[in-house]
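Dear colleague,

I am passing on the structure below, together with notes on what was found in it. Please keep it open while you read.

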Amino acid sequence: MSAEPNTYYDRRGIIGTLGRDGLIQIILVANTVIMLAPILIMLFSAFKSTQQIFKSPFGFPDFANLTNFTKIWEQTNFLRYLLNSFVVTGASMALILILGTMAAYALGRYRFFGAGFILMFFIAGLTLPLKLAIIPLFILMRDMGILNNQLSLIFVYTAMGLPSTVFIMTGFIRTLPNELEDAARMDGASEARIMWAIMLPLVRPAMVIAAIQNVVPIWNDFFFPLVFIQNDALKTLPQGLTTFMGEYTTDWGVLFAGLTLSAAPIIAIYIVLSRQFISGMTSGAIK
Amino acid sequence: MRMTGRGWWITALIVPPMAFVALFIIYPIVAAFTYAFFDWQGLLRGDFIGLANFHKVLFEEPYAAWTRNAFTHNIMVFVALMVLQNGLGFFLAYALWRELPGARFHRIAVFLPVVLSTVIVGYLFKLFMHPLFGVFNISLRGIGLGGLAQPWLGQDSTALWALIIANAWHMLGFPTLVFLAGMQRIPTEMLDAVRMETQSEWVKITKIVWPLVAPSATVVFVLLFVGAFNWFELPYIMAGLDGSPYGSTDVLGLYFYRTAFGGVSSGQPNFGLGSALAVLIFVFIAAIASVITVRLRAREIQL
């Protein structure tokens, strides 16, 4: 039996393997070029004048030419939009993580009547396309007096983020060992103290996954601001971008600079944390 | 039942998060169903009118024609993205799976557009597809194919396809990396066994890899289905709320939004008709997605 070729490569021959791997490599490189080219063209165009963009769209720019960015800085509300996005995303994420951890802790650490039903309640929220409920949401926000107020966004995002967060964190909290908790309870620590001082430091990894899964859709969302927010000073970045793109239609240099600035924060974080982003954003789809 | 100290503690933990989900997810969805049965005067709810709103959007012209037009486009988008996004994603995942030099970089590159906002992607492609100054047409002229240059977004024969291409570029990385994760879970012993049996890549893909990544396929198919029938942002940015030109890019999401809140040219907001559309889309998505899930789950093999 030892004479039997035992690896794939032996049977194929080295040439065949190289040919096949070469073809795969070519496909991958071509795909990567297609994926990155639009982003690079956007970045390069941000440093060009409109004439330069029209004349040589693929040419290398003079990166010291910041005219477009100065224009954005001086003439538009861009910084305001950016700040609003930070506020809305930050507040929503804080609420999601606090409330999500509370629910997950109760569901994961205690046995009580109705726990199964409550978990089902959260999971149901995971699958419902909330966009289709925009009319009742609009009326609800009006009745609460928070139309044209960023609280409307923060509340909707929090509610949207909770199901996946509770789902991820309950599973994780269940797997934590009981010993520490029992020992603390013997020492007479209160339930709140056990949660805060002993268990919470252990759930940080699950919090990171839940945070990444939610932060990208919230930061990028355009639909809910479109319906809830009219006041220009309250707009988030994706929504503000639509105003901005409408105002500068003919100044392509400024348009590309605006797109580049909007894309920059998330691309920068993605490059640093690509592995966490990929696993966080696909974790809902991978069993 | 008397509440103990621990009972109160659990209640305090569980009630605030449940209240958020109940108020901002469950209640609006339930309410959307009831709204559809009323006659709305602007923001005020009028009389109960039974199924009249549903009848109108499904069977009365011109609403019925608009509904059919938008629905047809959603189906085209779903089928096209099934090939361009999920199909291509599967083969890319297969290529990445080999872990050739640079695989890590390719993986990061293919997922990069996924983290961008649809608004950014929409505007970027809108600029690229500009008839005179967009890079698409400039490139075509540059390689001597100027005859193929088109106003991609400006004519009804190509507009929907232009949006589909932009969406495929934006989202390709998602199915790719979900499939890749599925492939990485295939046990090595199983692969070695197959390598002894056959040299054909095709047989390996169709007989081993494809059946074994069935759970990933189920997830990306269902998510694409839900996404395709909820499609709104990209057509809104690239084609506008009216699905221009001439409704050739109109999809259910745009049509629903226009009906509910009033469009550029389509007059008054109508919450009754809008809610009826929302309920129909919702029921359609829920029904088909469950059928797809059950059918696809049945062919999954437990490893």
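**Contacts between chains and domains**

Chain A and chain B bury about 8600 Å² between them, and 80% of that area is on carbon and sulfur atoms. Please note that this is a predicted model.

The interface between the chains brings 88 residues of chain A into contact with 90 residues of chain B. Three salt bridges are counted between chain A and chain B. One pair that forms a salt bridge is B:Glu233 with A:Lys131, where the closest N and O atoms are 3.1 Å apart. The count of residue pairs in polar contact between the two chains is twelve. On the side of chain A that touches chain B, helix H2 (residues 14-45) of chain A gives the largest share, 15 residues. By class, that side of chain A divides into 68 nonpolar, ten polar and ten charged residues.

Next, the domains within chain A. The domain assignment gives domain 1 (1-75 + 248-287) and domain 2 (85-229). Eight residues from domain 1 of chain A and six residues from domain 2 of chain A take part in the contact. The C-alpha centres of these two domains of chain A lie 33 Å apart. Between them, domain 1 and domain 2 of chain A bury about 660 Å², with 78% of it on carbon and sulfur atoms. In domain 1 of chain A, the residues that lose the most area to domain 2 are A:Ile266, A:Gly280 and A:Met281, which together make up 51% of what that side buries.

What is the count of salt bridges between domain 1 of chain A and domain 2 of chain A? It is zero. The count of residue pairs in polar contact between these domains is also zero. Two elements of chain A, helix H14 (252-272) and helix H15 (274-282), each give two or more residues to the side of domain 1 that touches domain 2. The largest share of that side, four residues, comes from H15(A). The classes on this side of domain 1 are four nonpolar, four polar and no charged residues.

Is A:Ile267 buried or exposed? A:Ile267 counts as buried because its relative accessibility is 13%, and the cut-off for buried is under 20%. Leaving aside neighbours within four places in sequence, A:Ile267 is in contact with A:Ile39, B:Leu112 and B:Leu116. A:Ile267 and A:Leu140 are 127 residues apart along the chain, and their C-alpha atoms are separated by 35 Å.

Regards

Note on methods:
Residues are numbered from 1 along each chain as its sequence is written. Chains are lettered from A and ligands numbered from 1 in the order in which they are written. This is a predicted model: local features need pLDDT of at least 70, side-chain atom pairs count only at pLDDT 80 or more; totals for chains, interfaces and linings use all residues. Side-chain values use heavy atoms; hydrogens and water are left out. Domain bounds come from an automatic or database domain assignment. Contact means heavy atoms within 4.5 Å. Buried area is the accessible area (1.4 Å probe) that two parts lose on being put together, summed over both. A salt bridge is a side-chain nitrogen of Lys or Arg within 4 Å of a carboxyl oxygen of Asp or Glu. A polar contact is a pair of N or O atoms within 3.5 Å; within protein, one must be able to donate a hydrogen and the other to accept it, and residues adjacent in sequence count only if both atoms are side-chain atoms. Ala, Val, Leu, Ile, Met, Phe, Trp, Tyr, Cys and Pro count as nonpolar, Asp, Glu, Lys and Arg as charged, and the others, Gly among them, as polar. Buried means under 20% relative accessible area, exposed over 50%, partly exposed in between (1.4 Å probe, protein chains only).
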